Amino acid sequence: MATKTITIDMEAYHRLKRNKQVNESFSQAIKRMIRQPIDFKQWMASIEKDPLSDKAADAIERVISDRSSRRNRRPHRGAA
């Protein structure tokens, strides 16, 4: 396995160390905390090969709609 030495400031080091699990390397901690970005083209290709059922697509639309409507609500009067 190839390695790369990086320089981080002390604040970043201490944050990483605090969030590292007991038997976890710094590399493992970074990989756990910073997820690999989704390859959109690969994801779309997999969806085209095995499309979602109408039931699954409807469920996803309901979740998105619910999240959007909650985000767009104004706070009640008197709310902090």
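**Reading a predicted helical chain**

Q: Which residues form a nonpolar patch on the surface?
A: Ile30, Met33 and Ile34 do, and together they have about 270 Å² of accessible area. A patch takes residues with over 30% relative accessible area and no salt bridge, joining like charges within 9 Å and nonpolar side chains (Val, Leu, Ile, Met, Phe, Trp, Tyr) within 5 Å. A salt bridge puts a side-chain nitrogen of Lys or Arg within 4 Å of a carboxyl oxygen of Asp or Glu. The model is predicted, so local features need pLDDT of at least 70 and side-chain atom pairs 80 or more, while totals for chains, interfaces and linings use all residues. Residues are numbered from 1 along each chain as its sequence is written, and side-chain values use heavy atoms, without hydrogens and water.

Q: Why does Ile30 count as partly exposed?
A: Buried means under 20% relative accessible area, exposed over 50%, partly exposed in between (1.4 Å probe, protein chains only). Ile30 counts as partly exposed because its relative accessibility is 34%. Ile30 lies in helix H2 (residues 26-33).

Q: How many helices and strands are there in the protein chain?
A: Helices (H or I, at least four residues) and strands (E, at least two) are DSSP runs, numbered from the N terminus. The protein chain has four helices and zero strands.

Q: What is the count of buried residues in helix H3?
A: Zero, among the 10 residues of H3 (residues 40-49). Of the 80 residues of the protein chain, 4% are buried.

Q: Where is confidence lowest and highest?
A: pLDDT is the predictor's confidence in each residue, from 0 to 100. Helix H4 (residues 54-72) is lowest, with a mean of 85, and helix H1 (residues 10-19) is highest, at 97.

Technical notes: Areas by Shrake-Rupley, 256 points an atom, 1.4 Å probe, with all protein chains shown as cover.
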